[in-house]
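Here is a short report for a first look at a structure. Please view the model, then read on.

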Amino acid sequence: MRDSYRTLKQEGRSSYVDRKSEFIGIARPVASADEAERFVAEMRSEFPDARHHVYAWISGGKEIQQKYSDDGEPRGTGGMPVLDVLLHQNIEDAAVVVVRYFGGVLLGTGGLVRAYSSAASQAIETAIPQYMQKLQIYRLTAPYGAADKLRYQLQEAGFWQSEAVFALDVEWEAGAAPRRSSELSDLVQDATSGSALMEYLRSDFIPVAKLV
């Protein structure tokens, strides 16, 4: 079972033009193989007049699945280059469709590979790659006088935190990789002289700027 992976934050689109052929790249996070296939079908419906709907997707989880299609382009010039972009960037749970509007000029094998790779790369960039990490999530409750110091020290130590809720005390969630759970507990106790409460909630995948 994976503890972390890289995926996309949102849908992203791009347009790449080479000798009058336009290659529109659409990248989107997907949660399963079925969702990836629905995304491909959706793009075929959105761009019904395109000459080709080349795609590739990777679905992670317990069993990695992947699929690609040249959709009528010469073998190895479309789907595999798009899949290679996903693999090279270590991106999972994501799909990319590149639709081509033919401009009347043949691009050759090298030109097609370059065009499909470029459109896919640009679409992925606009979709904003991000890490998802499985963290142990805890609810923290601290007095007002200790909360700011604790939140600052957690941030400096690289622990994930949610936004704070200000009630009778300050409440928020903090997350640590399993190997750092004891470190998180010690920091909470030391920073607040034992005045903060720490309650385990769940284990969950959380988007993080970098692995913690």
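Is the crossing of H4 and H5 left-handed or right-handed? The crossing of H4 and H5 is right-handed. The model is predicted, with local features needing pLDDT of at least 70, side-chain atom pairs pLDDT 80 or more, and totals for chains, interfaces and linings using all residues. Residues are numbered from 1 along each chain as its sequence is written, and side-chain values use heavy atoms, without hydrogens and water.

**Helix packing.** H4 (residues 144–157) and H5 (residues 181–192) pack at about 145 degrees, with axes 9 Å apart. Helices are DSSP runs of H or I with at least four residues; strands are E runs of at least two. Contact (heavy atoms within 4.5 Å) involves Leu-150 and Leu-154 of H4, among others, and residues of H5 including Leu-187 and Val-188.

**Largest pocket.** The largest pocket holds about 260 Å³ of space. Among its lining residues are Arg-151, Trp-160 and Pro-207. H4, strand E8 (160–161) and strand E11 (197–208) each give two or more residues to this lining.

**Aromatic pairs.** There are 5 aromatic pairs (ring centres within 6.5 Å; planes under 30 degrees apart are stacked, over 60 edge-to-face, the rest tilted). Tyr-5 and Phe-205 have ring centres 5.3 Å apart and planes at 65 degrees, so they are edge-to-face.

Terms used:
Axes fitted to C-alpha atoms, helices over the stretch in contact; angles between N-to-C directions. Left-handed = near helix turned anticlockwise from the far one by under 90°. 1 Å grid on protein atoms, 1.4 Å probe; cavity = no way out; pocket = protein on both sides within 12 Å on 5 of 7 lines; lining within 4 Å. Points joined across faces, edges and corners; volume = space filled by probe spheres on them. Phe/Tyr/Trp six-rings, centres within 6.5 Å; stacked < 30°, edge-to-face > 60°.
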